[in-house]
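Here are some exercises to work through with the model open in your viewer. Try each task before you read its solution.

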Amino acid sequence: NVLVPTHQSVELIDFKDFCSESVKILFEYLKGYKYLLETCSNLELFAGILELCTEYEIHRPIPEITSKLETIGLITMGNLVDAYEMADYLEEIEGQEEMAEKIRERCILLARCNLIHQFAVVNFVLKNKDKIQTVLEILKVLTDEAEATIRHRF
């Protein structure tokens, strides 16, 4: 928890719903220590940092994060859901809609190539059950596509 003075009152910011490592990296960056952000390659941490940035309208680290995302570009089935959520956070930031769309397209392409069997879909859902809303959104995009190769009913 952090106390933030606003005009005449003090507002308490609660960070318990955010990844502690993301909070640490963001605060270190804001204090001028850029090393943690520069060496980060974990999409889940980037998603957490972007979530904080959108929630509290922090714009300073956004250009570094987006340039880092373009060089990383490593989306796997293991971090697909985090990458898709990160695209949602990016989309909320002015000027980052194109980057969000690129990431989302990569996620859907990867999902389309890997979720072609019912067993793979069930396995994907079970591995990501803590983020079921995002999983369902990805599956909906896949099943709504004209060229969809996945048409399972649950």
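Predicted model: local features only at pLDDT ≥ 70, side-chain atom pairs only at ≥ 80, totals over all residues.

Residues are numbered from 1 along each chain as its sequence is written, and side-chain values use heavy atoms, with hydrogens and water left out.

**Exercise 1.** Find how many helices and strands the protein has, and in which order they run.

*Solution.* Begin with the DSSP runs: helices are H or I runs of at least four residues, strands are E runs of at least two, and both are numbered from the N terminus. This gives eight helices and two strands. Next, read from the N terminus: the order is β-β-α-α-α-α-α-α-α-α.

**Exercise 2.** Work out how α5 and α6 are oriented to each other, and which kinds of residue meet there.

*Solution.* Start with the axes, lines fitted to C-alpha atoms over the stretch in contact, with angles from 0 to 180 degrees between N-to-C directions. The axes of α5 (residues 80-91) and α6 (residues 97-114) come within 8 Å and cross at roughly 160°. Angles under 35 degrees count as roughly parallel, over 145 as roughly antiparallel, 65 to 115 as roughly perpendicular and the rest as oblique. The two helices α5 and α6 are therefore roughly antiparallel.

Now list the contacts (heavy atoms within 4.5 Å). From α5, the residues include L80, A83, Y84 and M86; among their counterparts in α6 are M99, A100, I103 and C107. The residues of this α5 and α6 contact divide into 13 nonpolar, no polar and four charged. Here Ala, Val, Leu, Ile, Met, Phe, Trp, Tyr, Cys and Pro count as nonpolar, Asp, Glu, Lys and Arg as charged, and the others, Gly among them, as polar.

**Exercise 3.** Decide whether E85 is buried or exposed, and which residues it contacts.

*Solution.* First locate E85: it is found in α5. Buried means under 20% relative accessible area, exposed over 50%, and partly exposed in between (1.4 Å probe, protein chains only). E85 counts as buried because its relative accessibility is 15%. Finally, leaving aside neighbours within four places in sequence, E85 is in contact with K131 and T134.
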